[in-house]
Amino acid sequence: MRASSHISRLILSAALALPGAAAVADPLYTVTLLGGTGSSASDINRWGDVVGNVTSAGVTHGFVNAGGTYTDLGTLGGANSNANAINDYGQIVGGADNGAGQFHAFSYAGGKMSDLGTLGGDRSQAFDVNNHGVIVGDALNGGPATMGFAQAFSYAGGTMTGLGTLPGGLGSTAYAVNDKGMTGGASFEGPFTVPEYPFHAVTFSGGTAHPIGASDLGDSAIYGLNDDGLAVGGIPMSTMIHASHAFLYDHGTITDLGILEPTQDDSIAWDINNLKQVVGTAAVTIDPDHYGYHGFLWTGAGLVDLNTLIDPASGWVVTSANGINDAQQIAATACYGGVFGDCRAVRLDLVAAVPEPGRWAMLALGLGLVGVLKRTRPAGRMAA
């Protein structure tokens, strides 16, 4: 999941996270540093190339680390940019200031950043791109009837097309698209109301949005899709206001993936690969007065704290896992020392051969019994 609207959450989770997970005797993953202090990872492609963002002196730029080479993506002429996704051909999408007071979706390829425009308004953002170059995101359309709410779009062949909303809804967002063209995200429904405006996880097709059956309040959105049409995201099953549980949507069936810790009832799934492995972030207790976040891996038998799968002697604490490829490499953010430490974009690489599915299930179950750490999201955040 790749949405830049969640950057503040990732920064908060990175700042608050502490070490303390019980580690396996033989670490499953090594930690590879990809960016400098203040960086975070957004997505990963099949080759292990990772995109993300780095903030320094109040300015944020998107970056890519491909083959060990770090490249600042620059902007469209303004101060800031963010990179949200990368496909297997190295095409990167995100959003950037254009120097005229506007923030526009971009596509970056061959060392060049291209402005994708908007739907008629002054803002747009791209959140995902598939291997056919189809880009999805949201944009303002400039119409007074939509009251400034962004509209989900698909961009292909040089044309940006609105994807519609649920009946009566003012806005929507497309967060994910797979190689078969399936698009997922979220949409408002019905007339605008306060304090809660119904917001549903949806798929898009035929110029409209289709609810998947998830509840409407809090975090109800699809953030990741695999090529088999399985979707992941967050649904408001939590006891906490505006919190959520990570979920898996499998052709009409929604499975609650749970949390890491009973006292911190919050989790969200950002991505899923074609092996049906899910990554995300979930809340954990830091001390009696504070909570933070740890990255998790789900392979079918409960959330596993990724900090139990790396060497504790490394000093790194994985605070969020945002992308996973079919080689089981994970794009993540980790902090050295865990408390207001040096937080950076990292890639988690398998130490040895990939475990068989049965071994994954046994590992997840065993770690659950040991007592894996867990996480949540800041209160008051909606997936918009």
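Reader: What makes Cys335 and Cys343 a disulfide?

Author: The term requires a pair of cysteine sulfur atoms within 2.5 Å. In this predicted model, the S to S distance of Cys335 and Cys343 is 2.1 Å, so the pair meets the cut-off of 2.5 Å. The structure holds one disulfide.

Reader: Why is the disulfide of Cys335 and Cys343 called right-handed?

Author: The torsion about its S-S bond is about 105°, so the disulfide is right-handed.

Reader: Are Cys335 and Cys343 buried or exposed?

Author: Both are buried. Buried means under 20% relative accessible area, exposed over 50%, and partly exposed in between, with a 1.4 Å probe and protein chains only.

Reader: What are the conventions behind the residue numbers and the values?

Author: Residues are numbered from 1 along each chain as its sequence is written, and side-chain values use heavy atoms, with hydrogens and water left out. The model is predicted, so local features need pLDDT of at least 70 and side-chain atom pairs count only at pLDDT 80 or more, while totals for chains, interfaces and linings use all residues.

Reader: Why is β10 called largely enclosed?

Author: Six of the six residues of β10 are buried, so the strand is largely enclosed by the rest of the structure. Strands here are DSSP runs (E, at least two residues), numbered from the N terminus.

Reader: What makes β22 and β25 edge strands?

Author: The open sheet has the order β22-β23-β24-β25, with antiparallel pairing. β22 (267-272) and β25 (303-305) each pair on one side only. Within this sheet, β23 (residues 278-287) and β24 (residues 290-298) pair over nine bridges. Ala283 stands opposite Tyr293 in β24.

Reader: Which residues lie nearest the centre of the largest pocket?

Author: They are Ile44, Asp88, Asn131, Asp179 and Asp227, out of 27 lining residues. β2 (39-44), β10 (124-129), β14 (172-177) and β22 each supply at least two residues of this lining.

Terms used:
Two strands pair if DSSP finds at least two bridges between them. Helices (H or I, at least four residues) and strands (E, at least two) are DSSP runs, numbered from the N terminus. On a 1 Å grid over the protein atoms alone, a cavity is a set of points where a 1.4 Å probe fits but cannot get out, and a pocket is an open set with protein on both sides within 12 Å along at least five of seven lines; lining residues have an atom within 4 Å of a point.
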